[in-house]
Amino acid sequence: MTTTTSPTTGATTSTTEGVRLEGVTKHFRSGGETVRAVAGVDLTIAPGEVVAVLGPNGAGKTTTLDMVLGLTEPTSGTITSFGAAPRRAVHEGRVSAVLQTGGLLRDLTAREVVRYVASTFPRHEPVETVIERAGLADKANRLVSKLSGGEQQRLRFALALLPDPVLLILDEPTAGMDVGARADFWRTMHEDASNGRTVLFATHYLEEADRFADRIVMMAGGRVVADGTTEQIRARASGRTVSADIRRGDVGAAAERLRGLEGTSSVTVSGERVTVIGEDSDQLARVLLTELDGSNLEVTTASLDAAFLAITGEHVEQEMQS
């Protein structure tokens with residue numbers, strides 16, 4: 001059993017299970033055709049975990065989160081959130097979300113919106129506390145229509161904190177925020193997570209997943225194609241990244257030579273620069289410098305970006321061959 005403590009009131013909530021998806025699919029009809037947005041997802045998230053969901057556009061991330069929130073029903077499979085059906089968990093205040101979109105009362109001030117939504121809960125966190133935690137104290141008396149996109153996201157965050165949920169779902173939570181606001185937002189999320197709140201978030205900012213998540217779930221084509229710690233996901237990129245400028249000769253031919261080397265998992269070209277991911281960085285460096293007359297050589301540990309491209313690229317190739 002896991003006990004979650006409210007960071008503001010000190011109240012505790014005991015939970016014996018987190019989120020479970022079993023054989024979940026979601027199909028839509030579009031233009032007379034059936035589109036498989038989610039093609040069979042099995043996923044378990046334990047209480048207190050901080051999990052990032054990554055994937056290219058169309059991977060099924062947002063649709064999966066919508067189903068966990070009960071906003072749409074799966075075509076097949078089952079979902080439970082802390083022992084309850086998704087809609088029930090949300091209704092009881094155990095699950096909250098910060099989504100990219102969602103209606104806000106534009107003619108009210110930020111504080112008035114928080115007070116109004118708070119009145120719909122039988123029990124809620126103090127209004128001024130959630131406003132402060134969301135970084136809106138100096139904007140609380142401003143009309144919602146006058147808030148920037150990033151500030152409106154922070155208002156959604158304040159609303160999500162009201163029921164003191166055990167699970168917080170975030171879909172691109174820092175969209176529209178500047179660098180400073182993003183840093184403040186994640187600082188608050190770190191505090192919440194350290195107090196035991198379960199966090200599930202989707203983001204296009206890979207560095208956010210790298211710095212904040214305990215675990216990364218990578219999706220492509222409506223399926224989970226990788227699941228593990230940041231270090232385990234990086235390891236899927238197979239070694240180190242070696243890059244150099246090819247200013248003499250055929251860059252395409254150089255890329256083909258590198259692809260032919262044993263242990264090479266990925267080769268990309270951007271203008272005159274070739275970037276290679278492979279197991280033997282010494283061999284790659286020798287070939288780039290001696291055979292291919294490369295310059296400005298750089299050798300780095302494989303990044304999360306590289307792993308992302310390698311893993312999703314593998315999936316695309318498999319889909320095309322099947």
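## Briefing on a predicted protein chain

The protein chain exposes about 15,400 Å², of which carbon and sulfur atoms supply 47%; accessible areas come from the Shrake-Rupley method with a 1.4 Å probe, and for residues only the protein chains shown count as cover. This is a predicted model, in which local features need pLDDT of at least 70, side-chain atom pairs count only at pLDDT 80 or more, and totals for chains, interfaces and linings use all residues. Residues are numbered from 1 along each chain as its sequence is written, and side-chain values use heavy atoms, with hydrogens and water left out.

**Overall architecture**

- Eleven helices and 15 strands are present in the protein chain (DSSP runs numbered from the N terminus: H or I of at least four residues for helices, E of at least two for strands).
- Of its 322 residues, 48% count as buried (under 20% relative accessible area; exposed is over 50%, and partly exposed lies in between, with a 1.4 Å probe and protein chains only).
- Among contacts (heavy atoms within 4.5 Å) between residues at least 6 apart in sequence, 68% join residues at least 24 apart.

**Aromatic pairs**

- The whole structure contains five aromatic pairs (rings of Phe, Tyr and Trp, the last by its six-membered ring, with centres within 6.5 Å; planes under 30 degrees apart are stacked, over 60 edge-to-face and the rest tilted).
- The rings of Phe185 and Trp186 form an edge-to-face pair, with centres 5.2 Å apart and planes at 85°; both residues are buried.
- Trp186 and Phe201 form a tilted pair, their ring centres being 4.9 Å apart and their planes at 55°.
- This pair links distant parts of the chain, since Trp186 belongs to helix H6 and Phe201 to strand E9, 15 residues apart.
- Ring pairs join Phe157, Phe185, Trp186, Phe201 and Phe212 into a cluster.

**Glu208**

- Glu208 is placed in helix H7 (residues 206-212) and counts as buried because its relative accessibility is 5%.
- Its side chain makes a polar contact of 3.1 Å with that of Thr203 (a pair of N or O atoms within 3.5 Å; within protein, one must be able to donate a hydrogen and the other to accept it, and residues adjacent in sequence count only if both atoms are side-chain atoms).
- Leaving aside residues up to four places away in sequence, Glu208 touches Thr174, Arg182, Trp186, Phe201, Thr203 and Ala213.

**Asn195**

- Asn195 lies in the loop between helix H6 (179-194) and strand E9 (198-202), and is partly exposed at 31% relative accessibility.
- A polar atom of the Asn195 side chain lies 2.9 Å from the backbone oxygen of Glu191.
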